[in-house]
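Here are my notes for someone opening this structure for the first time. Have a look at it, then go through the points in order.

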Amino acid sequence: SIMAGRFVRSSKYRHVFGTPYKKDKCYDNIRITKSPWESNMCDVNSKFLAVVLESQGGGAFLVTPLDKTGRFDINYPKVCGHTSLVMDLAWNPFDDNMIASSSEDCTVKIWEIPDGGLSENLTESKLTLEGHQKKVGIIAWHPTAEGILASASFDTLIVIWNIFSGEAVFELECHPDSLFSMSWSFDGSLIATTCKDKKLRVIDPRKGEVISEGDCHVGNKPSKVVFCGSTNKLFTTGFTRSSERQYALWKPTDLSKPLTMENIDSASGTSFIFYDDGTKMAYIVGKGDTVIRYFEVNEESPYVHFLNMYQSNATQRGCGILPKRFVNFRECEVMRFYKLHAKGMVEPVSMTVPRKSGMFQEDIYPPCFAGVPALSADEWLAGANKNPVLVPFTKDGLGTIISPGVSSPIKSSGSFGSGHLSKQSSYSSNSSGPDHTSIPLQREPSPASITTSGDFDNSKLSDENRQLRNEIQTLKSENETLKAELKEKKEVIRKVRQLVI
């Protein structure tokens, strides 16, 4: 039972509680998709909320700035370039203005969203990735390498794309049936999958080899998997033969049996997993549920410890989470969900650790993902691995970025390619590459868009470029924090004025 050991084990996260935002701070009157496909149907970053919409004769999704709350007009601008329903959305972790979408029309599209959001419908994508033969249900950006995107289709293929060249650099034919979920490892060297054949697999995407494989949850309904960050464990959810919901934790090198497996309840909705590496907490969000359960993952048996649950009245159709570096650490917020209601509302829910002191709580805020790439696409394709670049929390905001080290010199174009599946599905470091001139990508300089000349010390220049990129990201993060503080102060002033009047 998930209640086992509940009253004997102490944890600083035992009393984490959820607070829903007031209705005027929610996003209302949104025609959220009713698709039965088991994806989150939304994604969130520091600037925007994106939600898949119910649409006729095509596929559309809404993108709105996070600070634009309240009731949405039915004619609010949409992203509507797909010819069939949108199945998944994913913001680029290194570019808050770039989002990928996948669709039943067998394509993946890359979109550029202007600051401030859309003023009219967006129909022209920056890049269309074509090659899958059936609908594309899952997309996931690489966690450390810039410009690498994985897509999984009902044609049973996983395709790894380099968006700078527009090429499919790897095709993974490792599954006999369609995939239910896909997750990159902490350093992006491996991919874990769950499949309709009820197997759990760990795959080396650059070799195209299954590293380990085992029987996952035995029920017929969809199972899900995520890598648990730096712990390098796998957390799965699924069903028993009698359709009870379960969770399990696995060691990726040995999938013959789970480290632990527990039944949750007998509800019928698929369980989505959100893992926070800073707190080592796993949140289970059941589709159609009114609760969010949370657990702590550690290295000692029974490995997964039930903490508590957030209870509400409204069922959830999907869920997204704010990147950790943008939580309100002054209020001891450790996670923020964006919960899709069945009746057309998106409701933020703040998960908070109760602390009396107003001081910065350093113990619950270890360094988190910085939103800066550790590798270029070319470096990763050539075999390099690096852990994510981290940034520490301080009492004044985000601190100086912690780099995992400097890579070899980078030579790559900062523009998009054609987006067709390449006949050659393996990467050759000697290949001259495709024509990079088709769609220039307007963006600030990055490690993946700088070519060095022989007049300079290449490794030193690469180091300086990365440091400049990190400094830009730090300044952006500080700017976002200051904006949030200013907004809060303006709100307080407005309330005081109302009281005076």
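Predicted model: local features only at pLDDT ≥ 70, side-chain atom pairs only at ≥ 80, totals over all residues.

1. Start with the aromatic side chains: Y27, F72, Y76 and Y338 come together as one aromatic cluster.

2. How many aromatic pairs does a search of the whole structure find? The count is 20. Among them is Y283 with F337, an edge-to-face pair with 5.2 Å centre to centre and 75° between the planes. The two come from distant parts of the chain, 54 residues apart: Y283 belongs to strand β25 (residues 281-286) and F337 to strand β29. Both Y283 and F337 are buried.

3. Stepping back to the whole chain, the secondary structure is made up of 2 helices and 36 strands. Of the 501 residues in the protein chain, 56% are buried. As for contacts with a separation of 6 or more, 56% are between residues 24 or more positions apart. The chain exposes about 21700 Å², and 50% of that is supplied by carbon and sulfur atoms.

4. Now for β30, residues 346-352. Is this strand mostly covered or mostly open? It is mostly covered, with 7 of its 7 residues buried. You can check this face by face: V346, P348, S350 and T352 are buried on one side, and E347, V349 and M351 are buried on the other.

5. Which strands pair with β30? One is β29 (residues 333-341), joined to β30 by 7 bridges and running antiparallel to it. Within that pairing, R336 stands opposite S350. The hairpin of β29 and β30 has 4 residues between the strands, and G344 there takes a positive phi near 85°. Another partner is β1, again antiparallel, with 4 bridges to β30.

6. Why does V16 count as buried? Its relative accessibility is 1%, so it falls under the 20% cut-off. Leaving aside neighbours within four places in sequence, V16 is in contact with M281, Y294, M351, T352, V353 and P354. M351 and T352 in that list were among the buried residues of β30. To see how far apart in sequence this region is drawn from, take V16 and S350: they are 334 residues apart along the chain, with their C-alpha atoms separated by 9.9 Å.

7. Last, a separate sheet to trace. This one is open, has 4 strands in the order β16-β17-β18-β19, and pairs them antiparallel. At the edges stand β16 (179-184) and β19 (209-215); each has a single partner strand, so one side of each is left without a neighbour in the sheet. From one strand to the next, the twist averages 20°. The partner of β19 is β18 (residues 199-204), with 6 bridges joining the two. In this pairing R201 stands opposite E213 in β19.

Note on methods. Residues numbered from 1 in each chain as written. Heavy atoms only, no water. Buried < 20%, exposed > 50% of the residue type's maximum accessible area, 1.4 Å probe, protein only. Contact = heavy atoms within 4.5 Å. Areas by Shrake-Rupley, 256 points an atom, 1.4 Å probe, with all protein chains shown as cover. Pairing = 2+ DSSP bridges. Axes fitted to C-alpha atoms, helices over the stretch in contact; angles between N-to-C directions. Phe/Tyr/Trp six-rings, centres within 6.5 Å; stacked < 30°, edge-to-face > 60°.
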